Amino acid sequence: PKQCQMVIEAGRAEPRLSAQVGSSKGPMHDTKTRTSHISWIPFKKMIEMYRDIEKTIKATNGNHFGFDGMQITEPAQYTEYPEGGFYDWHIDNDLECSKEPPVRKISMTCLLSPENEFEGGDLELMKEGQIAKLEQGHAIFFASFIRHRVAPVIRGTRKSLVMWFGGPPFK
């Protein structure tokens, strides 16, 4: 809980943006697909957090994925989903490959909120009802090409840390 609060404070200290979604025309606001607020946590602001996450992703990749050249490729995204907030079904890869390399290969979501502070907001993977039940401070790593969503928040605010790890194109 203490580390989660530090991340929340770091995320809230950065400029707050309305979340966007990717499209063929570039990033855009689409409240039918996504309603949340985000900020980007600079690497220099939380060096120890990034160092710990880098160790974890290297072990996770080695033990479960085996993808080539994995590294942190972009700053962490702090996300708040208010009551009614959601992110509909999507994948984290760039389908048009316009931003590659690096290719996003592994995505991570870490729940920062205590579970009793919100209702709904489930992270679902691949299909409706397939829920990744997270507790405060727990993270899930999954292949970035896996379809997923954050279901609508019914009560409270869901706070999370999202990161992507990438490398050279798949072979």
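Guide: Happy to! One term comes in handy first: a residue is called buried under 20% relative accessible area, exposed over 50%, and partly exposed in between. Please also keep in mind that this is a predicted model.

Visitor: Okay, let me try that term out. Is Phe-170 buried, exposed or partly exposed?

Guide: Phe-170 has 41% relative accessibility, so Phe-170 counts as partly exposed.

Visitor: Which ring does Phe-170 pair with, and how are the planes set?

Guide: The partner is Phe-67: the ring centres are 5.2 Å apart and the planes meet at 80°, so this is an edge-to-face pair. Phe-67 sits in the loop between H2 and E4, while Phe-170 is in the segment after strand E14 (158-167), so the pair ties together parts 103 residues apart in sequence.

Visitor: And how accessible is Phe-67?

Guide: Phe-67 has 18% relative accessibility, so Phe-67 counts as buried.

Visitor: Which residues are in the cluster linked by ring pairs?

Guide: The cluster is made up of Phe-65, Phe-67, Phe-145 and Phe-170. There is a charge to look at here as well: the charged end of Lys-105 sits over the ring of Phe-170, 4.9 Å from the ring centre.

Visitor: How many aromatic pairs are there in the whole structure?

Guide: A search of the whole structure turns up six. One of them joins Phe-43 and Tyr-50 in a tilted arrangement, 4.6 Å centre to centre with 55° between the planes.

Visitor: Are Phe-43 and Tyr-50 buried or exposed, or partly exposed?

Guide: Phe-43 is partly exposed, with a relative accessible area of 39%. Tyr-50 is buried, at 5%.

Visitor: Let's move on to Pro-75. Where is Pro-75, and what does Pro-75 contact beyond its neighbours in sequence?

Guide: Pro-75 is in the loop between strand E4 (71-72) and strand E5 (76-81). Leaving aside neighbours within four places in sequence, Pro-75 contacts Trp-40, Ile-41, Phe-43, Tyr-50 and Trp-164. Pro-75 and Ile-41 are 34 residues apart in sequence, yet their C-alpha atoms are 6.0 Å apart in space. With 29% relative accessibility, Pro-75 counts as partly exposed.

Visitor: You mentioned Trp-164. What lies over the face of Trp-164?

Guide: That's Arg-104, at 3.8 Å from the ring centre.

Visitor: New topic: sheets! What is the strand order in the open sheet?

Guide: Five strands line up as E2-E6-E12-E9-E10, with antiparallel pairing. The edge strands are E2 (34-35) and E10 (131-132), each of which pairs on one side only. Strand E9 (residues 123-125) pairs with E10 over two bridges, and the bridge partner of Glu-124 in E10 is Ile-131.

Visitor: What about His-148: which strand is it in?

Guide: His-148 lies in strand E12 (residues 148-150). His-148 is buried, with a relative accessible area of 5%. The side chains of His-148 and Asp-92 are joined by a polar contact of 3.4 Å. Not counting residues up to four places away in sequence, His-148 touches several residues, including Trp-89, Glu-124 and Phe-142.

Key
Residues are numbered from 1 along each chain as its sequence is written. This is a predicted model: local features need pLDDT of at least 70, side-chain atom pairs count only at pLDDT 80 or more; totals for chains, interfaces and linings use all residues. Side-chain values use heavy atoms; hydrogens and water are left out. Two strands pair if DSSP finds at least two bridges between them. Helices (H or I, at least four residues) and strands (E, at least two) are DSSP runs, numbered from the N terminus. Buried means under 20% relative accessible area, exposed over 50%, partly exposed in between (1.4 Å probe, protein chains only). Contact means heavy atoms within 4.5 Å. A polar contact is a pair of N or O atoms within 3.5 Å; within protein, one must be able to donate a hydrogen and the other to accept it, and residues adjacent in sequence count only if both atoms are side-chain atoms. Rings of Phe, Tyr and Trp (its six-membered ring) pair if their centres lie within 6.5 Å; planes under 30 degrees apart count as stacked, over 60 as edge-to-face and the rest as tilted. A charge sits over a ring if NZ of Lys or CZ of Arg is within 6 Å of the ring centre and within 35 degrees of the ring normal.
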